[in-house]
Amino acid sequence: MTEVRAIRPEEGDLLKAVRLAALRNAPGAFLETEAEVAADEDEVWATRAAASTGEGDQLIMLALADGRPVGMAGIAREIGQRRRHRATLWGVWLDPAHRGRGVGRQLVSSALDWAREREVRAVYLEVVENEDPSWSLYGRLGFVRREVDPFGAHVDGHDVALEHLVLVL
């Protein structure tokens, strides 16, 4: 059985492990590289985990199978009085062995519920164009394409288009 829950302050090691697993499994789906993430010191991961329990303006949801991280979804509310009605969903990934069971939906839905509780009105997200598995999930949850940025990222000497999606809560 897969458990989906918010990260705990002391779980920087789990956060690093799941982020590295995501980058190894789907390197083209993320804007960071495995080398960049692996270079971050343990204190960086501890700080990220402690700041992302959902008590403040950030939340990271983890999916755990037998205590091992197999998925994540992050969401961050924007700062500033005039932008607190917005949040960004980021870092969504689920180990392929755990897909097709509703775990990805549970991860993202939990993040969206957190946003609703904070009166967020719109959630934004970027995905690499033509990332079919993620589009399927986001489309079912009600996200719509806002625009495509043909120069959203530059990977291995090539421009990569990013789709900008939005969900009005």
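**Figure 1. Glu119 in the loop between helix 4 and strand 5.** In this predicted model, Glu119 sits in the loop that runs from helix 4 (103-117) to strand 5 (122-128). Helices (H or I, at least four residues) and strands (E, at least two) are DSSP runs, numbered from the N terminus. The phi angle of Glu119 is near 60°, a positive value in a residue other than glycine. Most residues other than glycine have a negative phi. With 65% relative accessibility, Glu119 counts as exposed; buried means under 20% relative accessible area, exposed over 50%, and partly exposed in between (1.4 Å probe, protein chains only). Residues are numbered from 1 along each chain as its sequence is written, and side-chain values use heavy atoms, with hydrogens and water left out. Because the model is predicted, local features need pLDDT of at least 70 and side-chain atom pairs count only at pLDDT 80 or more, while totals for chains, interfaces and linings use all residues.

Figure 2. Asp156 is not a glycine, yet its phi is positive, at about 50°. The residue is exposed, with a relative accessible area of 71%.

**Figure 3. Glu78 in the loop between strand 3 and strand 4.** Glu78 belongs to the loop between strand 3 and strand 4 (86-94). Its relative accessible area is 17%, and Glu78 is buried. Leaving aside residues up to four places away in sequence, Glu78 touches Arg83, Arg84, Arg86, Ala87 and Thr88; contact means heavy atoms within 4.5 Å.

**Figure 4. Gly74 in strand 3.** Strand 3 (residues 68-77) contains Gly74. Gly74 is buried, at a relative accessible area of 0%. Not counting residues up to four places away in sequence, the contacts of Gly74 are Leu59, Ile60, Thr88, Leu89 and Trp90. Leu15 is 59 residues from Gly74 along the chain, and the C-alpha atoms of the two are separated by 11 Å.

**Figure 5. The aromatic pair Tyr138 and Phe143.** Rings of Phe, Tyr and Trp (its six-membered ring) pair if their centres lie within 6.5 Å; planes under 30 degrees apart count as stacked, over 60 as edge-to-face and the rest as tilted. The count by this rule is one aromatic pair. The ring centres of Tyr138 and Phe143 are 5.6 Å apart and the planes stand at 70°, so the pair is edge-to-face. Tyr138 is buried, with a relative accessible area of 3%. Phe143 is also buried, with a relative accessible area of 3%.

**Figure 6. The whole protein, as context for the close-ups.** The protein has five helices and seven strands, in the order β-α-α-α-β-β-β-α-β-α-β-β from the N terminus. Its radius of gyration is 15 Å, close to the 15 Å that the globule rule gives for 169 residues, so the protein is as compact as a globular protein of that length. This radius is taken over C-alpha atoms, and the globule rule is 2.2 Å times the number of residues to the power 0.38. The C-alpha trace spans about 40 × 35 × 35 Å along its principal axes. Buried residues make up 46% of the 169 residues. Of the contacts between residues at least 6 apart in sequence, 59% join residues at least 24 apart.
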